[in-house]
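Me: I would like to learn how to read side-chain features in a model. Please take me through them step by step.

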Amino acid sequence: MRLNAPRTRLARTGRFALAACLLSTLAACNAGNRVSQTAALEGYTPDPALKRASRTNLTGRVAHACAVTQSRLQKVEETSLSAPCGCYAERTLRAMDRTEIASYRATGYFSDTAKAKALDALDSCKLPRPV
């Protein structure tokens, strides 16, 4: 009898969700509106849990995706970025209006107007912008 099977499946789902959040953060942080960006998102399916996620959960997802992205960008440990990425996530979601939040929930990435707010949050929290 395998009691840990659901937990393993949940862990896999969590990793997929984190990858989706990373993709959404990268899309949000990239200021350019290029064709290659759209091509990179083809076939992407947003995590269905986004539609039901609380605002706190959304903040946590964005903060984690930020930590993953920034740790690669800055070549530092993810844990060292918890405060600045928490700042980024809170400021970004606080600045987003209801339609931008709804768009993020539906698509898994930030709309063009939310991207601008995310970039402002990166600057405010003293995080480098991804190129």
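Me: How many aromatic pairs does a search of the whole structure find?

Reply: The search finds one aromatic pair. A pair of aromatic rings is described by the distance of the centres and the angle of the planes. Rings of Phe, Tyr and Trp (its six-membered ring) pair if their centres lie within 6.5 Å; planes under 30 degrees apart count as stacked, over 60 as edge-to-face and the rest as tilted. Here the partners are Tyr-104 and Phe-110, with ring centres 5.0 Å apart and planes at 50°, so this pair is tilted.

Me: What should I know about the source of these values?

Reply: This is a predicted model: local features need pLDDT of at least 70, side-chain atom pairs count only at pLDDT 80 or more, and totals for chains, interfaces and linings use all residues. Residues are numbered from 1 along each chain as its sequence is written, and side-chain values use heavy atoms, with hydrogens and water left out.

Me: Are Tyr-104 and Phe-110 buried or exposed?

Reply: Both are buried. Buried means under 20% relative accessible area, exposed over 50%, partly exposed in between (1.4 Å probe, protein chains only).

Me: Which residues touch the most other members of the largest nonpolar core?

Reply: First the term: a nonpolar core is a set of buried Ala, Val, Leu, Ile, Met, Phe, Trp, Tyr and Cys residues joined through side-chain atoms within 4.5 Å. The largest one has 23 residues, and those touching the most other members are Leu-58, Val-62, Tyr-88, Met-96, Tyr-104, Phe-110 and Leu-127. Helices α3, α4, α5 (98-107) and α6 each supply at least two residues of this core. Helices (H or I, at least four residues) are DSSP runs, numbered from the N terminus.

Me: How many disulfides are there?

Reply: A disulfide is a covalent bond between the sulfur atoms of two cysteines. The cut-off is a pair of cysteine sulfur atoms within 2.5 Å. That rule gives two. One joins Cys-66 to Cys-85, S to S 2.2 Å. This link is left-handed, with -65° about the S-S bond. It ties distant parts of the chain, 19 residues apart: Cys-66 sits in helix α3 (residues 55-74), Cys-85 in helix α4 (residues 82-95). Both Cys-66 and Cys-85 are buried.

Me: Where does the disulfide of Cys-87 and Cys-125 lie in the chain?

Reply: The sulfur atoms of Cys-87 and Cys-125 are 1.9 Å apart. Cys-87 is in helix α4 and Cys-125 in the segment after α6 (112-124), 38 residues apart. This link is also left-handed, at -75° about the S-S bond. Cys-87 is partly exposed, at 22% relative accessible area, whereas Cys-125 is buried, at 9%.
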